[in-house]
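Keep the viewer open as you read.

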Amino acid sequence: MSQTAATAVQPKMPPQIPYIIANEGCERFSFYGMRNILTVFLISSLLLSMPESARAGMAKEIFHTFVIGVYFFPLLGGWLADRFFGKYNTVFWLSLVYCAGHACLAMFDDNPRGFYVGLFLIALGSGGIKPLVSSFVGDQFDQSNRSLAQKVFDAFYWIINFGSFFASLLMPIFLKQLGASVAFGIPGILMFIATIIFWSGRKKYVHVAPVVKDPHSFLNVVRTALVTKVDGQSRTGLFIAVAGVVVAMTALAQTPTLGLVPAFCLALVTLLGFGGVGAWIQLDRAYGVHPDATVDGVRSVLRVLVIFALVTPFWSLFDQKASTWVVQADSMTKPSWFQSSQMQALNPMLVMLLIPFNNLVLYPFCRRIGFELTALRRMGLGIAFSGIAWIVVGLLQLAMDGGDALSVTWQVLPYALLTLGEVLVSTTGLEFAYGQAPLAMKGVIMSFWSLSVTIGNLWVLLADASVKSPTVLAQIRTTGISSTAFLMFFFACFALLAALIFAFYARSYKMLNNYRQA
């Protein structure tokens, strides 16, 4: 009888999970397939009407504007799913938008306006579904089988890198040999297949209904804290938040100089920064109006946002492997069959190797010598490793600027350092944030994590815009190095400084455990 009872309670994998995993594999191939050839295509084809010296800079600007959109639209997707349509419907319909974007890239490979519409649709579709698919996986589990959820999330991360590896390896070849229309069409076909697979499991999924409007949501608690007046107390927090609105409007006024997307994102960052500081100062005023646990949750989120802000320099460096590093690889020696974009295949390949290496070798070794690699220590080290990777890339650029012909294989070292940083930051950051936020704030944290990537790419656009100034260019010339090498060392210092500040903040950070009870 005991054996029968033990057998009866064995958790079972939900039968709908393969549909979601297969959808993710095809979708990630489609995304990385187009993303990893985008910079090369822009330089070699779409921007040919521009002076040759300006093409790389414009391609980099377009690429990072696109990435900003991809990681901004999760805010929209999460809101639509939570308030109106539910996760399944939102993912399905935005997936069709995603497919339309791929179709535009394939059809308008010689038409800038149509091509940019395609990039916008892909950013909307890909970004909109980004926070939903992983949480949709969680919806398929309950108390009886939630122990199997971690295996599925591991499979998720593996399939993402599997798709990225083959997309990075194959799509540059397709672009060269078959042309842009086919090279952008193949990812579109994969995305359509992903949508069909996802749709096929519609009758098997667990569908969680959208939630009603929450009077104790994150934004409502922040609003209460800022506007509540207490006799005999100043309203410093509100004044800081209002100052943020003024500064944000000033940033928007810079649209003719910076461009719409950078100016808008800078305004958003300003509102978040000033508003967060103001809410923190007056947060005690929300007690009594909202449940104590909810106000404490908002305080936890605000503390985590400081961590996210310090991680944004990492994303500045990481996403430039598909722009700045590709441009550098173009100037390096390599076999005639090898395309510069193919170097990006190193990243997912190394991720698949480093994750088991870290878990089986590095972390146990550190524990044996008495050094526990906590979540915050991993993230701080990851930011530092990204800075070291960019020091190496900068040294390579100095050698090339001096006339040395370097092989593209020299980029293996910075790729290894950057990927180690990614594993330490990316795979740790979400788990850390999830554990720090209360259950009601998990979605807020997910959105802010995506937004940190947007802000990281914003720093890239602002830095590139700065070096176009004649005054700044004149100052760079006095250093005796090229503006490209200067920016590389600038971003390296940016990340190392962030890692240092991160280490100081982490020392006083009190860890929480907000996982739900079994």
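α15 passes α19 in a left-handed crossing, a term used when the near helix is turned anticlockwise from the far one by less than a right angle, clockwise being right-handed. Helices here are DSSP runs (H or I, at least four residues; strands are E, at least two), numbered from the N terminus. This is a predicted model, in which local features need pLDDT of at least 70 and side-chain atom pairs count only at pLDDT 80 or more, while totals for chains, interfaces and linings use all residues. Residues are numbered from 1 along each chain as its sequence is written, and side-chain values use heavy atoms, with hydrogens and water left out.

To find this pair, look for residues 375-401 (α15) and 483-507 (α19), whose axes come within 8 Å and cross at roughly 165°. That makes α15 roughly antiparallel to α19. The axes are lines fitted to C-alpha atoms, for helices over the stretch in contact, and angles run from 0 to 180 degrees between N-to-C directions. By class, the contact of α15 with α19 has 21 nonpolar, six polar and one charged residues. Here Ala, Val, Leu, Ile, Met, Phe, Trp, Tyr, Cys and Pro count as nonpolar, Asp, Glu, Lys and Arg as charged, and the others, Gly among them, as polar.

Stay with α19 and bring in α12 (residues 292-318): the axes of α12 and α19 come within 8 Å and cross at roughly 160°. α12 and α19 are therefore roughly antiparallel to each other, and α12 passes α19 in a left-handed crossing. On the α12 side, the residues in contact (heavy atoms within 4.5 Å) include Arg303, Val306 and Leu310, and the α19 residues they meet include Phe491, Phe494 and Tyr505. By class, this contact of α12 with α19 has 13 nonpolar, one polar and one charged residues.

Now for another pair, α4 (residues 74-107) and α7 (residues 180-200), which pack at an angle of about 165° with their axes 8 Å apart. That makes α4 roughly antiparallel to α7, and α4 passes α7 in a left-handed crossing. Among the contact residues are Tyr88, Phe92 and His102 of α4, and Phe184, Met191 and Trp199 of α7. The contact of α4 with α7 has 14 nonpolar, six polar and no charged residues.

Of the 25 lining residues, Ser53, Ala56, Gly57, Val327 and Thr484 lie nearest the centre of the pocket. By class, the lining has nine nonpolar, nine polar and seven charged residues.

Note on methods. Angles under 35 degrees count as roughly parallel, over 145 as roughly antiparallel, 65 to 115 as roughly perpendicular and the rest as oblique. On a 1 Å grid over the protein atoms alone, a cavity is a set of points where a 1.4 Å probe fits but cannot get out, and a pocket is an open set with protein on both sides within 12 Å along at least five of seven lines; lining residues have an atom within 4 Å of a point.
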